[in-house]
Amino acid sequence: MGDPLSFRTDAAHEEPAVTLDAFLDQSNATSVRLEPDEDARALLPYLDRLALVEIAFPGYRDGRGYSAARILREAGYQGELRAQGDVLVDQIAFMRRCGFDSFAPEKPLDPAVVEASLARYDHVYQRAADATVPVWKLRHG
Amino acid sequence: MYKYDQYDQSIVDARVEEFRDQVNRRLSGALSEDQFKPLRLMNGLYLQLHAYMLRVAVPYGTLDGRQMRMLGHIARKYDRGYGHFTTRQNIQYNWIKLEEAPDILADLASVEMHAIQTSGNCIRNISSDQYAGAASDEVTDPRPWAELLRQWSTFHPEFSYLPRKFKIAVIAAAEDRAAMRLHDIGIELVRNEAGTLGGKIFVGGGMGRTPMIAPEIKDFVPAEDLLSYLEACLRVYNRHGRRDNIYKARIKILVHEIGAEDYRRQVEEEFAHVKTLGIDPPAAELERITAFFAPPAFATGLSDELDLSDPDFRLWVQQNVAAHAQPGYAIANISLKPVGGIPGDATADQIDLMGDLAERYSFDELRVTHAQNIVLPHVRKADLYAVWQALDEAGLATPNLDLISDIIACPGLDYCSLANARSIPVAQKIAERFADLDRQRDLGELKLKISGCINACGHHHAGHIGILGVDRKGTENYQLLLGGSGAEDVSLGKITGPGFDEDGIVDAVEKVTDTYKSLRQDGERFVDTYRRVGIEPFKEAIYG
């Protein structure tokens, strides 16, 4: 696997991500990996020391990671939020809106298709974890 | 009716281009069928037994004449000259070519329509009361709220890969014409003691192989909290809904397994957080949408008199016309259930005609009902005869609304790759057996619903009489259920016993109606008698 596709300005975090259990046992880890069935809220007390949260997508159909990402961003997490696994190119836009800013897909993505799909929609209907202004806000200021 | 602004149009146009790109990638081989499948499914394109099927969204079942005629155009140009109206208030085309699907979406976008989220494990088309804005028993028109939810749920980034599909209904009347409590989330708009409108929220209803009636989760959510509250409902589901078994993945299973009380507690906890995020639009947005649904310019001082001297017209009025809130107006139901026909099917010419009639006689509005019929919601009583004549000439004046031949049926094994048995021929045989209209009218309101497999697209659990087709050792077998209802007296049907073959089920239905006739008391509908006497007399008649 090559370098993750990153939308951050800083360099990708190097420290390998540990499991949630290992992270909760260690006082100094700065990277953690969440499996789909693990509750992101367990990380909320430790956001200050986290630099990377990697959220696993063993299958693209399992959408729990989208909620996990938003919960972390809503709590103010600023570090790297990486989607790893069965991540499809047509899912990147939704993942970006949920707060993911780096991607480590198992199957490489065509950068041109990624770019096209991220540029596709000028407007969105709802507020999410990104800065995109929803159309109701554009309508009413 | 709602009209797109530049934002709505730009989103739908972008979707057309996105799907065109995805189809091109599929046709060029860049995408395998496996990779393409989730993409096409998000756009309502299914691979069926014989061809692709495209499901087009009719948000909350409302459309205008121009949109209706576009549906006719699509049937004519891209299908075999007909379309199929569904229990989700949508329309499906069964003979679609993949390479033409993007052009169909472009045609739809030109009249402010789309196929977004008509399939996939996401929030589906919002359904509502087909009499909205016309019924005298509503506290408000539910459609502005449904449109608010349509926009909120469209391309929702967090809830597009849910454990399973997710259906929401909004009603605002005491009479439930939308099977509200058989949805994943049902919302009944009510006024609180202060006179403020808000939603009573029911969560965890559904049909399928494990039918459930949604319990009430919250008695009142004001407009300004509605989206936050729904996000909380969905987030708890997304977190805990089962993903190990597709048949246990709907929210009804979660609510049932943890209990309504625990589910409510988790939603309330999540809501307290979500409410701080600023995701609810200002009141001005619901007001903006509501303005589109202002009542049409009804004439006042009209007479309620009707000349019923034509006996066929009189029959149609008695059976298919409902009271309107406005004096001098009526709600006209167009039955898509002629005896021997396919429930919900209409030809391109019939679709065009219904669009024309709406434009001319119904303030340019039509509705699709979950019972697979069409409604002209605002017809002057003085125009009813002309409307009826035009419908009659087109084979659209069958006077059987809510009678035994007004059957809901899924496409079944004739089209659907999931089905175990055919539904359409059974519906046709039952309609033929009861073809005599006097006999049907004597039986009164009798909702008969047929599904060709356990997924229950034909709503058999909610039929006064329900029929479920199953595969038994390689032959089609039909089980009979009695006592269901999708209305405000919501209930789930009970299986009578061993199933029947295709002719046997028709005989069994007849024995059931004969038993009803022998047991009914004054004014009792079939389902009332059933509830009073229980299943035993019916079982005895069928199997005894």
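**Notes on the two-chain model**

1. Helices and strands here are DSSP runs numbered from the N terminus, helices being H or I with at least four residues and strands being E with at least two. Before going on, a word on the model: it is predicted, so local features need pLDDT of at least 70 and side-chain atom pairs count only at pLDDT 80 or more, while totals for chains, interfaces and linings use all residues. Residues are numbered from 1 along each chain as its sequence is written, and chains are lettered from A and ligands numbered from 1 in the order in which they are written.

2. Back to helix H7 itself, which covers residues 251-258 of chain B. Its buried residues are B:Ile251, B:Lys252, B:Ile253, B:Leu254 and B:Val255; note the lysine in that list. "Buried" is for 20 or more other C-beta atoms within 10 Å of a residue's own, "exposed" for 12 or fewer, and "partly exposed" for anything in between, with C-beta atoms placed from the backbone. What do the buried residues of H7(B) pack against? Strand S9 (197-203), helix H6 (226-240) and helix H8 (260-274) of chain B.

3. Now chain B as a whole. It has 17 helices and 20 strands. Its radius of gyration is 23 Å, close to the 24 Å from the globule rule for 544 residues, so chain B is as compact as a globular protein of that length. (The radius is taken over C-alpha atoms, and the rule is 2.2 Å times the number of residues to the power 0.38.) The C-alpha trace spans about 60 × 60 × 60 Å along its principal axes, and 56% of the 544 residues count as buried.

4. Domains in chain B: there are four, namely domain 1 (6-109), domain 2 (142-290), domain 3 (311-393) and domain 4 (408-543). The bounds come from an automatic or database domain assignment. Domain 1 of chain B and domain 4 of chain B have their C-alpha centres 33 Å apart. Their contact takes 5 residues from domain 1 of chain B and 7 residues from domain 4 of chain B, where contact means that the C-beta atoms of two residues, placed from the backbone, lie within 7 Å. On the domain 1 side, the classes are 1 nonpolar, 4 polar and no charged residues. For these classes, Ala, Val, Leu, Ile, Met, Phe, Trp, Tyr, Cys and Pro are nonpolar, Asp, Glu, Lys and Arg are charged, and the others, Gly among them, are polar.

5. The database view: UniProt, in an unreviewed entry, lists residues 119-273 and 406-542 of chain B for "domain: Nitrite/sulphite reductase 4Fe-4S". Such positions are given in the numbering used here, feature names are shortened, and annotations may be inferred rather than shown by experiment. In the model, residues 119-273 of chain B are 31% helix and 17% strand, with end C-alpha atoms 30 Å apart. Residues 406-542 of chain B come out at 36% helix and 18% strand, with the end C-alpha atoms 23 Å apart.

6. One residue worth a look is B:Gln89, in the loop between strand S4 (82-85) and strand S5 (91-96) of chain B. Is B:Gln89 buried or exposed? Buried, because 26 other C-beta atoms lie within 10 Å. Beyond its neighbours within four places in sequence, B:Gln89 is in contact with B:Val58, B:Gly61, B:Ser127, B:Val368, B:Thr369 and B:His370. B:Ile126 is 37 residues away from B:Gln89 in sequence, and the two lie 9.1 Å apart, C-alpha to C-alpha.

7. On to chain A, which has 5 helices and 6 strands. From the N terminus, the order is β-β-α-β-β-α-β-α-β-α-α. The 6 strands form an open, mixed sheet in the order S1-S6-S5-S4-S3-S2, with strand S1 (5-6) and strand S2 (18-19) of chain A at the edges, each pairing on one side only. Pairing takes at least two DSSP bridges between strands. S1(A) runs antiparallel to strand S6 (residues 102-105) of chain A over 2 bridges, and A:Leu5 stands opposite A:Phe103 in S6(A). Of the 141 residues of chain A, 40% count as buried.

8. Finally, the interface: 27 residues of chain A are in contact with 31 residues of chain B. Helix H2 (64-74), helix H3 (92-98) and helix H5 (135-140) of chain A each supply at least two residues of the chain A side. That side has 11 nonpolar, 5 polar and 11 charged residues.
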